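Here is a short briefing to read alongside the sequence and the 3D view. Keep the model open while you go through the points.

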Amino acid sequence: SRSSGINAEYGGSGSYWLVMVNTPNGRIPGKARAGKAWYSFGGKEHESTDFHWIKVSRGYRVHQEKCNHVPHGAVVGFQHNNNKAVFGVICHTPHGHIPGKSNGQEAHYGWGGKEETCRNFSYIVVRQ
């Protein structure tokens with residue numbers, strides 16, 4: 001059940017969930033709904049059905065944190081092309097609040113087939 005996942009309450013647009021997408025390039029944070037996920041990579045938005053809902057255990061809380069560094073408890077994935085962690089974020093965009101990924105400096109999200117860059121974003125943080 002997604003009821004314990006990170007949904008539109010945190011993911012903004014009202015219809016997307018923050019998920020981890022299993023890709024040839026690693027486990028990359030992306031957005032999902034209705035059994036499909038989208039993630040950004042290499043300048044494009046890619047679609048997949050191979051993804052995991054991010055679930056939060058009882059006793060933990062989820063919140064958005066806007067800061068100039070990766071906060072403790074940030075949701076983390078991994079991208080092979082640069083052998084670095086990528087973090088689950090909510091990008092605050094003209095399209096609404098869209099789940100995406102950040103390298104710790106800027107964020108990226110998929111929209112309309114393209115990988116968009118975003119400097120206005122919040123990390124998704126899970127803490128007890």
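Phenylalanine 121 counts as buried, at 8% relative accessibility, where buried means under 20% relative accessible area, exposed over 50% and partly exposed in between (1.4 Å probe, protein chains only). Please bear in mind that this is a predicted model: local features need pLDDT of at least 70, side-chain atom pairs count only at pLDDT 80 or more, and totals for chains, interfaces and linings use all residues. Residues are numbered from 1 along each chain as its sequence is written, and side-chain values use heavy atoms, with hydrogens and water left out.

**Aromatic pairs**

- A pair of aromatic rings is described by the distance of the centres and the angle of the planes.
- Rings of Phe, Tyr and Trp (its six-membered ring) pair if their centres lie within 6.5 Å; planes under 30 degrees apart count as stacked, over 60 as edge-to-face and the rest as tilted.
- By this rule the count comes to five aromatic pairs.
- One of them joins phenylalanine 87 and tyrosine 123, edge-to-face, at 6.4 Å centre to centre and with 75 degrees between the planes.
- That pair links distant parts of the chain, with phenylalanine 87 in strand S8 (residues 84–93) and tyrosine 123 in strand S12 (residues 121–127), 36 residues apart.
- Phenylalanine 87 is buried at a relative accessible area of 15%, and tyrosine 123 is buried at 1%.
- Tyrosine 123 also pairs with phenylalanine 121: the ring centres are 5.4 Å apart and the planes are at 75 degrees, so this pair is edge-to-face.

**Around phenylalanine 51**

- Trp17, Phe51 and Trp53 form one aromatic cluster.
- Phenylalanine 51 lies in strand S5 (residues 51–53) and counts as buried, at 13% relative accessibility.
- Beyond its neighbours within four places in sequence, phenylalanine 51 has contacts that include Val19, Val21, Ala32 and Ala37; contact means heavy atoms within 4.5 Å.
- Glycine 30 is 21 residues from phenylalanine 51 in sequence, and their C-alpha atoms are 9.0 Å apart.

**A charge over a ring**

- The charged end of lysine 31 sits over the ring of tyrosine 16, 4.7 Å from its centre.
- Here, a charge sits over a ring if NZ of Lys or CZ of Arg is within 6 Å of the ring centre and within 35 degrees of the ring normal.

**The chain as a whole**

- The chain has one helix and 12 strands; helices (H or I, at least four residues) and strands (E, at least two) are DSSP runs, numbered from the N terminus.
- Of the 128 residues in the chain, 47% are buried.
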